[in-house]
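This report considers how two parts of one protein meet. Please examine the sequence and the structure before reading on.

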Amino acid sequence: MIRALFVAGADAFRINMSHGAHEDHAARIAAIRALEKEFGRPTTILGDLQGPKLRVGTFERGLAVLETGAAFVLDSDPTPGDARRVNLPHPEIYAALVPETRLLLDDGKLVLRVKKVADDRIDTVVEVGGTLSNRKGVNVPDVVVPVPALTEKDRRDLSFAVEQGCDWIALSFVQRPEDLAEARKLMGGYGALMAKVEKPAAVQRLEEIIELADGVMVARGDLGVELPPQAVPPLQKQIVATARRMGRPVVVATQMLESMIKAPTPTRAEVSDVATAVYDGADAIMLSAETAAGDWPVEAVTMMDSIAHSVERDPGYFGRLHYTETKPDPTTADALAEGAGGIVSVVGASAITCFTSSGSTVRRVARERPMTPILALTPRQDTARKLGLTWGVHAVRTKDIGTFEEMIGKARRMALRHDMVEKGGKIVVLAGVPFGTPGSTNVLHVAAIRGDELRGRDEA
């Protein structure tokens, strides 16, 4: 199935650490990596940490019905609860709450309004009632709860993900920039760190969080629990635009083709939702339950892939992409990255070929959303894999170069070999001299393709 999803158009695979044992995840990771040998291209794996889960305790009968308008107490008493009270085993919530803030239970299905707070007791009024069962989740949207972004389980999962060579680590329930620090330290310089924006508090410090992360995910599930549904679309656009301006890959996730969990085709509204994310310039669009547990996983990937292709064929697509202004920094690398996009359109080039060690050149070019694909050539397997979540990039691991002539020759051959250009076409080549020095992009060259460059050549 993993192979079938890859063939259908999946560029990256998310390992959800909220479910499953490490040995199960290891088997899936091995299956994903096996695709590299078969297809000769890098695979990208995102290890998604569960994050802190706040939950109520248990009920005497397994559940209770909370009536709208009734009083309800959350307390530190572990005794099973009833329709009047239940245990809340999270002292950090008691410390953070103030009167008139809200508590959302069971993914927002029930709403409590806080009236009085003590060290071991929270008195509330039920604003939206319903049935509440054992260990349902608690969301606290109106205040920053001082819980660490990493639980003990997350630390074990992060260590496992790094040992297994996951390319990206997604950190759940980020509330503030400081939340990223421990994860970054535990990663020990390996992989890239993605901040999942799913708390209103994170939106308040969005630029600071994105500055410290390598990428960002618009996690619309929990964001839609803690905010009114109508608030999520403008926030999605804000997060995508901010990440693009700051040159960080941005993923849009959750319920994109939700009906395809059970149906072989999506609703028209879902298709429009996916298309909107592509029009906004998201680097990646993500499926969740549709492929993890749905009845039509291959069809869901095929549909998402076809929606993206359809949008990209729209003559107005690139005009819409550039509604978001991405001002370059005053560096040679940024000047060349921005210039490459303009040169492509003037000379009619078919691709931009970037030689890169760390991936920074490629990310700068991708930020400008040029009208051609970006062929990333790197000697580093980890760099090639990480670039699987970057807009418009086809990454290839190849031998390093030593001279300018070798650079141009390899750029031509690789562009032909990966079907980026045809005989008589042109490519724009970006690199840094001296070669192999990260962040030293200072060469831009336009190369014409004769068509015979691959004759007698078989190098990587």
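Which residue forms a salt bridge with Arg 385, and how far apart are the closest N and O atoms?

## A salt bridge

In this predicted model, the partner of Arg 385 is Glu 36, and their closest N and O atoms lie 2.8 Å apart. Between domain 1 and domain 3, the count of salt bridges is two.

## The domains

The domain assignment divides the protein into three parts. Domain 1 is made of two stretches, 1-52 and 148-316, while domain 2 covers 63-139 and domain 3 covers 332-449.

The centres of domain 1 and domain 3, taken over C-alpha atoms, are separated by 26 Å. To the contact between these domains, domain 1 contributes 22 residues and domain 3 contributes 12 residues.

## The buried area

The size of an interface is often expressed as the accessible area that is lost when the parts come together. For domain 1 and domain 3, about 1,600 Å² is buried between them, with 54% of it on carbon and sulfur atoms.

On the side of domain 1, the residues that lose the most area to domain 3 are Pro 42, Arg 244 and Asp 283. Together they account for 29% of what that side buries.

## Polar contacts and composition

Seven residue pairs are in polar contact between domain 1 and domain 3, counting pairs with both residues at pLDDT 80 or more. On the side of domain 1 that touches domain 3, at least two residues each are supplied by α2 (22-39), β12 (192-197) and α9 (232-245). By class, this side of domain 1 holds nine nonpolar, five polar and eight charged residues.

Note on methods: Residues numbered from 1 in each chain as written. Predicted model: local features only at pLDDT ≥ 70, side-chain atom pairs only at ≥ 80, totals over all residues. Heavy atoms only, no water. Domains from an automatic or database assignment. Contact = heavy atoms within 4.5 Å. Buried area = accessible area lost by both parts, 1.4 Å probe. Salt bridge = Lys/Arg side-chain N within 4 Å of Asp/Glu carboxyl O. Polar contact = N/O pair within 3.5 Å; in protein donor to acceptor, adjacent residues only side chain to side chain. Helix = DSSP H or I, 4+ residues; strand = E, 2+ residues; numbered from the N terminus. Nonpolar A, V, L, I, M, F, W, Y, C, P; charged D, E, K, R; others polar.
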